[in-house]
Amino acid sequence: MTALQYIVDGIALGAVYALVAVGLALVFGVMRLVNFAHGELITAAAYTLYLTSSWPKVFACAISLLVAVGLALLMELVIFRRLRYATPATALVTTFAVAFALEAVWLIAFGPQGKSADVLSSLNRTATHGSLHIRWVTITMVGVGAVLLAGTGLLLNRTRIGLEMRAAAADFRAARLLGVRANRVIGTAFLLGGLFAGVVALLLTATQPLVTPTFGLQITILALVGVVVGGMDRLVSATLGGFAIGFVNSLLGDVLPSSQGVFLTSFLYLLVIVVLVLRPGGVFVPGGASARVERV
Amino acid sequence: MRISRKSLLELGAPALLLVAVSVIASLVSVGSQQDFITALVNATIVIALWVFIGNSGVISFGHISFVALGAFAAGLMTIETIVKPNVMPDLFPFLQHHSVGNVPSLVLAALIGGIVALVLGAPLMRLSGLSASIATFAVLGITNNVLTYWEKIGPGAQTLSLVPETTGPFQALVGALIALVIAFAYQHSRSGRLLRAAREDPHAARAIGVRIERHRLVAFTISGALAGLAGGLLVHQIGSITTNQVYLDLTFLTLAMLVIGGASSLWGAVVGAVAVSLLDSFLSNAENGTDVIFFHLKIPNGGSLLILGILMALALLFRPNGLTGGREASLKSLVALGGRLPRLGKARHTV
């Protein structure tokens, strides 16, 4: 049953990474902006959870989600709105700067040691079926991931704002000419991104309640790698890419012998390089093998 | 290569700035000297970044891996052979029993950076845009991971220490000037011009027969070698190094220096590196308390990062093409710098 166990664990971690990936890809879709500060939304929600850990759980979770969404909208309003016409390099480095500054805020406010956001750790109880041990948090991750991703799919395909977002992602200028409101679609992208970042924070703190200033950075970087490997230009391929990197990461951690375990990062990134060289346009993009010359 | 009076100024202005930083470094107290040497070493790294990023337009997250390789190679080969078996017992015998002098170690650092960049660049330069950026980031991740855990080639997770501290104001200046001249020569070479043509319009460049991958590889190799050299300078400046000193933070910081200065000009790279580096040092000193002319300044831990982040964001919001506007140094812009601030630059690209 161990193989099945690995797969279940992989799917759970993949679902979390997929949620980060969707947040990144939604914003990239409408703005062509790679938002390195996305991880800070996750960290913000996690610290909120720490601050509210003595409150009723439902409130604590709701407030955390609200903080992530609020911070996402604030970032858009104050900073990223002014970057719409900046070169990609400028925009990218500005998101670094925002991430830098926010990380410093966490450092000043909460110190370099971790703070325990112990709200949802009851989810760590195990449900055993035969030799298969599944923690409730695993089930929650898969369930929540599936529901949110399906919801996003419905929103994008069945609603007017979804249609507008897809139009903006395809050709922002043409979409605006046809009456799509730039602020509305970009705001919605950030809102959803913030919401998903909040959910990711809830799920992550259930398994690792210790929140440090770099809590959200690592997962964001890896999810971003996954998004690009999957194919950044399309939401579905980007999400699949995020899922895949979470899945492979979990799987490698399980199957590598312990002496090689420290080199997990190397194996993962080596795989990333090979895949990128073979399919530069994205693994999950049909016809992605053809090399693209794109704007930088 | 055509060198006119105008291009002499383009080389002379950044060179003079570097010389000025070095002169100040040799005049100030020992404590502040390191800040100015750091500025020169950072300038070398950013010039290396510029050779590739500035000319090709492809953002590389991987250059700090060449800095890391250069730093560890130069450091490892200049530690005395007597102490090596004690501090690093698992080292390959060849590395354990050989040492070289200061200058050969810097040459070695540059060679390793260049060779690794050439080998890795061959497959990676086929990629463009974000795929290329992420692939170079993967290179950084692998380099860091291997250097941290493979104890046959280095100290692993421990600090590599006891490295001779040979990088003073003079060596840092010579290193930075070598990088500057090589970068300038590449900028004015045929390959550099073709690569910038491809940066502006890849389709048109390809259509007139520019082999983009080849020129990217040339730039990548040169910038890898310069980054390796910078790593050598770095390890000889601080006398010790850990893998985390040459990882994500340095990657972000040097990229920020390049973009804040103005990524499309060599002048911008040098200005950005010197300005942000000095600001960063000043703010970190202020965390421990520092005397500014009239008063004592002390900011809380993490405060330097916060102010740096905010200032960087502001600089980019108000001057999206960098402090220099991405233009090379010219008499006009230098006069303008002295007289009045240049107009706020309008970004070129649209969404």
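## Two loop residues with positive phi

B:Leu162 sits in the loop that runs between helix 7 (129-149) and helix 8 (169-187) of chain B; helices here are DSSP runs of H or I with at least four residues, numbered from the N terminus. Phi of B:Leu162 is near 70°, a positive value in a residue other than glycine. B:Leu162 counts as exposed because its relative accessibility is 53%, where exposed means over 50% relative accessible area, buried means under 20%, and partly exposed lies in between (1.4 Å probe, protein chains only).

This is a predicted model, in which local features need pLDDT of at least 70 and side-chain atom pairs count only at pLDDT 80 or more, while totals for chains, interfaces and linings use all residues. Residues are numbered from 1 along each chain as its sequence is written, chains are lettered from A and ligands numbered from 1 in the order in which they are written, and side-chain values use heavy atoms, with hydrogens and water left out.

A:Arg32 has a positive phi of about 55° although it is not a glycine. Its place is the loop between helix 1 (2-31) and helix 2 (38-51) of chain A. With 23% relative accessibility, A:Arg32 counts as partly exposed.

## Where the two chains meet

How much area do chain A and chain B bury between them? The figure is about 4500 Å², with 79% of it on carbon and sulfur atoms; buried area is the accessible area (1.4 Å probe) that two parts lose on being put together, summed over both. The contact takes 47 residues from chain A and 51 residues from chain B, contact meaning heavy atoms within 4.5 Å.

How many salt bridges does the rule find across the interface of chain A and chain B? It finds 0, a salt bridge being a side-chain nitrogen of Lys or Arg within 4 Å of a carboxyl oxygen of Asp or Glu.

## Helix 14 of chain B

Helix 14 of chain B covers residues 303-318, which is 16 residues. From its first C-alpha to its last it reaches 22 Å, close to the 22 Å expected at 1.5 Å a residue; the expected span is 1.5 Å times one less than the number of residues.

Which residues of helix 14 of chain B are buried? They are B:Gly303, B:Ser304, B:Leu308, B:Gly309, B:Met312, B:Ala313, B:Leu316 and B:Leu317. These buried residues pack against helix 4 (88-110) of chain A, and also against helix 12 (248-261) and helix 13 (266-287) of chain B.

## Salt bridges within the chains

Side chains of opposite charge can pair when their charged atoms come close. Over all chains, the structure holds 7 salt bridges. One of them joins B:Arg199 and B:Glu200, with the closest N and O atoms 3.0 Å apart. B:Arg199 is partly exposed at 24% relative accessibility, and B:Glu200 is partly exposed at 49%. In chain A, salt bridges that share partners join A:Glu76, A:Arg81 and A:Arg84 into one network. A:Glu76 is buried at 2% relative accessibility, whereas A:Arg81 is partly exposed at 29%.

A:Glu164 and A:Arg184 also meet in a salt bridge (3.4 Å, N to O). A:Glu164 lies in helix 6 (residues 160-170) of chain A and A:Arg184 in helix 8 (residues 182-207) of chain A, so this pair ties together parts that are 20 residues apart in sequence. A:Glu164 is buried at 7% relative accessibility, while A:Arg184 is partly exposed at 40%.

B:Ala20 is found in helix 1 (residues 5-27) of chain B and is partly exposed, with a relative accessible area of 35%. The C-alpha atoms of B:Ala20 and B:Leu173 are separated by 9.6 Å, and the two residues are 153 residues apart along the chain. B:Val19 has its place in helix 1 of chain B as well, and B:Val19 is partly exposed at 30%. From B:Val19 to B:Arg327 is 308 residues in sequence and 21 Å in space, C-alpha to C-alpha.

Elsewhere on chain B, B:Val103, B:Val107, B:Leu111, B:Ile115, B:Leu118 and B:Val119 make a nonpolar surface patch of about 550 Å². Patches are made of residues with over 30% relative accessible area and no salt bridge, like charges being joined within 9 Å and nonpolar side chains (Val, Leu, Ile, Met, Phe, Trp, Tyr) within 5 Å; accessible areas come from the Shrake-Rupley method with a 1.4 Å probe, and for residues only the protein chains shown count as cover. B:Leu111 is found in helix 6 (residues 102-124) of chain B.
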